[in-house]
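Please have the sequence and the 3D view open as you read.

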Amino acid sequence: MTFDTAGRSMMGIKPGDYSDFAAEIELQGFGANCGIGPAELIDSVSYFDSRQQDRFVIAKGNCGIPAYVDGEIHYHGTPELMAEYAVIARDLGVRIVGGCCGTSPEHIRAMRTALDSVQKSPPPPKKKLKNAWGWPGKICNRPRRQIARTGAIAAAGVPGETDRLHRRLLAGRCLPT
């Protein structure tokens, strides 16, 4: 589900209420995507109930608001910013982390590298997140030459499946998509 800068979906649903509903109807996976950048997506995900260990929380933030510059569309979120977002998302309990609009293979590589090299830690307090990232999101002015949009990830699967994605999720891995 996508949440706006007011922290609500298009239909007025708050992230915490969405998380509660996902548990109530026993969704195997739920999450947030797109929005206006990774900082806002992290804000939404921070309201999800991280105690839902049996559910796969998904976060797929985009690389910021597109800008039309010199006849081309540019997203200003850098691979470094997306790597930082991936680590914070993982620390918040996200099991599938990825990108949406403007995310390139370079972003995904940076996210994978960060997830592999930065040790998991308790999530920072919400106030510290807001002070560090600022709301609205942290934007970098480096133009993107390669504009890409990642495809949706396949469903997380059902218990008992032996596909690679499902095995990694059950092992507690955080996967960039």
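The paragraphs below look at a surface patch and then at some aromatic rings. Keep in mind that this is a predicted model.

Start with Met1, which sits in the segment before helix 1 (15-24). Is Met1 buried or exposed, or something in between? Its relative accessibility is 33%, so Met1 counts as partly exposed. Together with Met10, Met11 and Ile13, Met1 makes a nonpolar surface patch of about 470 Å².

Now move on to Phe3. With a relative accessibility of 7%, Phe3 counts as buried because the cut-off for buried is under 20%.

What does the ring of Phe3 pair with? A pair of aromatic rings is described by the distance of the centres and the angle of the planes. The count of aromatic pairs in this model comes to five. One of them joins Phe3 and Tyr18 in a tilted arrangement, at 6.0 Å centre to centre and with 55° between the planes. This pair links distant parts of the chain, as Phe3 is in the segment before helix 1 and Tyr18 is in helix 1, 15 residues apart. Both Phe3 and Tyr18 are buried.

Phe3 also pairs with Phe48: the ring centres are 6.4 Å apart and the planes stand at 65°, so this pair is edge-to-face. Phe48 lies in the loop between helix 2 (38-45) and strand 2 (56-61), so the pair ties the segment before helix 1 to a part 45 residues away in sequence. Phe48 has 7% relative accessibility and therefore counts as buried.

To finish, look at these rings together: ring pairs link Phe3, Tyr18, Phe30 and Phe48 into a cluster.

Definitions and conventions:
Residues are numbered from 1 along each chain as its sequence is written. This is a predicted model: local features need pLDDT of at least 70, side-chain atom pairs count only at pLDDT 80 or more; totals for chains, interfaces and linings use all residues. Side-chain values use heavy atoms; hydrogens and water are left out. Patches are made of residues with over 30% relative accessible area and no salt bridge: like charges are joined within 9 Å, nonpolar side chains (Val, Leu, Ile, Met, Phe, Trp, Tyr) within 5 Å. Accessible areas come from the Shrake-Rupley method with a 1.4 Å probe; for residues, only the protein chains shown count as cover. A salt bridge is a side-chain nitrogen of Lys or Arg within 4 Å of a carboxyl oxygen of Asp or Glu. Helices (H or I, at least four residues) and strands (E, at least two) are DSSP runs, numbered from the N terminus. Buried means under 20% relative accessible area, exposed over 50%, partly exposed in between (1.4 Å probe, protein chains only). Rings of Phe, Tyr and Trp (its six-membered ring) pair if their centres lie within 6.5 Å; planes under 30 degrees apart count as stacked, over 60 as edge-to-face and the rest as tilted.
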